[in-house]
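Trainee: Please show me the model, and then let us go through it by question and answer.

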Amino acid sequence: GEGDFCMCRRYENKHIFMVASFGIALLIPVFLLLLPSSIADVLYFDRANWIIYLPFEIYLTYGIGLLLWLVSSLLLWLLNLNKWSIIFTGAAVLCSGALFYFASQAYIIIKDDSIAVKSLFQSEEKVYSWNEIEKVVYYEVPPEQKGNSVIQLVFTEDEIIELSENGYVAPIKTAMFDKVRKLEKEVVYADGSAK
């Protein structure tokens, strides 16, 4: 009868959310690897950019947004589409959308003439000239140790921009150091293994 059809329908929906949960769980690492940098490239592409650098907290914010998707699909599956799981899912989707939006608005853009920084959850962009750099500190991590070396741009107002020497930063490191030296500012080499 009709009751059997409803039960069967609900059972099918439950399985759809079970599959969705596993799919999201498998795709989170791929999304985290590709999504943040792809979105930044689309939004802020400019030929003058040396790089668009995304600090760790931006990836973390995207990750929390993706985890909200996972938790909501798990709840829809485990709680069999009850009212509370649907309400939570609606709230989680809105929250993850907000997190994705704020994460996409944050960046460090390095160009030949300036360094622009927009921090997470801040509406204002700060733009520095290379001349405002007081010194650069390079915390080098030896190859045998795990982790990236770190480049700190230290500005005159005690403002510090920290860049992890990843695959984006490594190719422009020499150009950055040369630019700073041409402006007669110092590049300090420090032991990064303690950092």
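Predicted model: local features only at pLDDT ≥ 70, side-chain atom pairs only at ≥ 80, totals over all residues.

Mentor: Residues are numbered from 1 along each chain as its sequence is written, and side-chain values use heavy atoms, with hydrogens and water left out.

Trainee: What span does helix α3 reach from its first C-alpha to its last?

Mentor: Helices are DSSP runs of H or I of at least four residues, strands are runs of E of at least two, and both are numbered from the N terminus. Helix α3 covers residues 83-104, which is 22 residues. The expected span is 1.5 Å times one less than the number of residues. For α3 the expectation is 32 Å, and the helix comes close to it, at 32 Å.

Trainee: Which residues of α3 are buried, and what arc do they cover?

Mentor: Buried means under 20% relative accessible area, exposed over 50%, and partly exposed in between (1.4 Å probe, protein chains only). The buried residues of α3 are Ser-85, Thr-89, Ala-92, Ser-96, Leu-99, Phe-100, Ala-103 and Ser-104. They lie on the same side of α3 because the arc, taken from the directions from the helix axis to the C-beta atoms, is only 115°.

Trainee: Which residue caps the N-terminal end of α3?

Mentor: The backbone nitrogen of Trp-84 lies 3.1 Å from a side-chain oxygen. That oxygen belongs to Asn-82.

Trainee: Which residue stands opposite Gln-152 in β7?

Mentor: Gln-152 lies in strand β6 and is buried, at 10% relative accessible area. Strands pair if DSSP finds at least two bridges between them; β6 and β7 run antiparallel, joined by 5 bridges. The side chain of Gln-152 makes a polar contact of 2.7 Å (N or O atoms within 3.5 Å; within protein, one able to donate a hydrogen and the other to accept it, with residues adjacent in sequence counted only if both atoms are side-chain atoms). The partner in that contact, and the residue opposite Gln-152 in β7, is Glu-162.

Trainee: Which residues form the covered face of β7?

Mentor: The uncovered face of β7 holds Ile-160, Glu-162 and Ser-164. The covered face consists of Ile-161 and Leu-163.

Trainee: How many residues are in the largest nonpolar core?

Mentor: A nonpolar core is a set of buried Ala, Val, Leu, Ile, Met, Phe, Trp, Tyr and Cys residues joined through side-chain atoms within 4.5 Å. Members touching the most others include Ile-110, Ile-161 and Leu-163. The number of residues in this core is 22.
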